[in-house]
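Q: Could you walk me through this one before I set anything up? I would like to go element by element and then look at the metals and the pockets.

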Amino acid sequence: MNVLPVIELIGLPSDVNSSFERGPAEAPSAIRSALWSDRGNLACEDGQEAGIDFELRDRGDLPLRETADDDAMTTAAVEASIADGAIPLALGGDHAMTCPVVRGVHAAHGPVAILHFDAHPDLYDDFAGNPRSHASPFARIMEAGLARQLVQVGIRTLTAHCRAQAKRFGVEIISMADFAPAVVPVLDGPLYISIDLDGIDPAEAPGVSHPEPGGLTVREVLAVLRRQTAPIVGADIVELNPRLDQNGRTAILAAKLVRELASLMARNKPA
Ligand code: MN
Ligand code: MN
């Protein structure tokens with residue numbers, strides 16, 4: 001009997017490092033509600049289906065307390081998920097949580113390639129004096145050597161400081177102005193995928209703290225994902241702010257991205 005690939009959700013209800021508005025701590029439960037709602041089913045666009053072609057497991061929310069221990073707890077949960085034979089799919093929370101998640105993935109797999117969707121490069125050395133800001137996770141990841149490649153897609157807010165940081169770290173930025181799905185490279189594994197929902201146009205994803213017009217369509221994100229063939233060792237979906245959502249549509253989008261990411265993880269899993 002074949003054992004199904006297991007993709008495990010890990011809820012990270014933290015928005016303590018958000019620079020402007022709180023709310024993403026409420027995202028994991030909003031995404032779960034949308035994911036398991038009878039409004040839709042668990043079919044994915046590639047023809048696979050959760051529960052049949054892969055198992056979608058849920059580790060629940062970590063009991064984060066807005067203390068310095070949160071990062072270590074997050075990293076430990078990711079390491080435990082991988083040790084259990086699962087591929088972790090983290091539900092933020094704000095984008096600061098990507099750093100401890102990637103740290104846990106790195107502990108198991110070494111330096112990863114990261115495919116990062118975002119309106120913002122999140123490369124600030126610090127933001128408003130906070131080096132753990134959700135505007136800084138990729139500076140911390142690159143400094144720590146957790147990634148051997150970082151490709152950012154959808155960027156449309158590049159400041160001079162972040163441009164210098166990108167150059168310093170060798171980050172490949174595919175700006176929104178130059179975007180087409182085929183421009184995004186097909187990365188070598190082990191691959192980590194980070195989706196900040198504000199990378200998507202606010203017309204389709206209004207429930208975020210930093211909406212930035214002129215973004216990616218959902219179809220474009222899916223087209224980029226579909227081209228990726230490398231084994232995926234972890235992923236996150238971050239920055240949903242349910243307080244700013246409209247009729248739950250951004251939570252519904254996040255739930256769809258959970259299914260599509262999980263299906264891609266199952267498809268690309270080495271035999
Ligand atoms: Mn962003
Ligand atoms: Mn971000």
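Q: How many residues does helix 2 have, and what does it reach from its first C-alpha to its last?
A: Helix 2, residues 69–83, has 15 residues and reaches 21 Å from its first C-alpha to its last, close to the 21 Å expected at 1.5 Å a residue. Helices here are DSSP runs of H or I with at least four residues, strands are E runs of at least two, and both are numbered from the N terminus; the expected span is 1.5 Å times one less than the number of residues.

Q: And what sort of model is this, and how is it numbered?
A: This is a predicted model, in which local features need pLDDT of at least 70 and side-chain atom pairs count only at pLDDT 80 or more, while totals for chains, interfaces and linings use all residues. Residues are numbered from 1 along each chain as its sequence is written, chains are lettered from A and ligands numbered from 1 in the order in which they are written, and side-chain values use heavy atoms, with hydrogens and water left out.

Q: Back to helix 2, which residues are buried there?
A: Asp70, Thr74, Thr75, Ala77, Val78, Ser81 and Ile82 are buried in helix 2, where buried means under 20% relative accessible area, exposed over 50% and partly exposed in between, with a 1.4 Å probe and protein chains only.

Q: Why do they line one face of the helix?
A: Seen down the axis of helix 2, the buried residues fall within an arc of 160°, so they line one face; the arc is that of the directions from the helix axis to the C-beta atoms. The face turned away from that buried side carries the exposed residues Ala72 and Ala83.

Q: OK, metals. Which residues are the protein donors of the manganese ion (ligand 2)?
A: They are His95 (ND1), Asp118 (OD), Asp122 (OD) and Asp196 (OD), at 2.1 to 2.2 Å from the ion, and along the chain they follow the spacing H-x22-D-x3-D-x73-D. Donors are N, O and S atoms within 2.8 Å of the metal (3.2 Å for Na, K and Ca), and water is not among the atoms, so sites may look incomplete.

Q: What about the manganese ion (ligand 1)?
A: Its protein donors are Asp118 (OD), His120 (ND1), Asp196 (OD), Asp198 (OD) and Asp198 (OD), lying 2.2 to 2.5 Å from the ion, with the donor residues spaced D-x1-H-x75-D-x1-D in sequence. The two manganese ions are 3.3 Å apart, and Asp118 coordinates both.

Q: Are Asp118 and His120 buried or exposed?
A: Both Asp118 and His120 are buried, and Asp122 is buried as well.

Q: Switching to pockets, how much space lies in the largest pocket?
A: About 240 Å³ lies in the largest pocket. Of the 15 residues that line that pocket, the closest to its centre are His120, Asp122, Tyr124, Ala135 and His210.

Q: And the second largest pocket, what is its volume?
A: The second largest pocket has a volume of about 180 Å³. The largest share of its lining, five residues, comes from helix 6. A pocket, found on a 1 Å grid over the protein atoms alone, is an open set of points where a 1.4 Å probe fits, with protein on both sides within 12 Å along at least five of seven lines, and lining residues have an atom within 4 Å of a point. Grid points are joined across faces, edges and corners, and a volume is the space filled by probe spheres set on the points.
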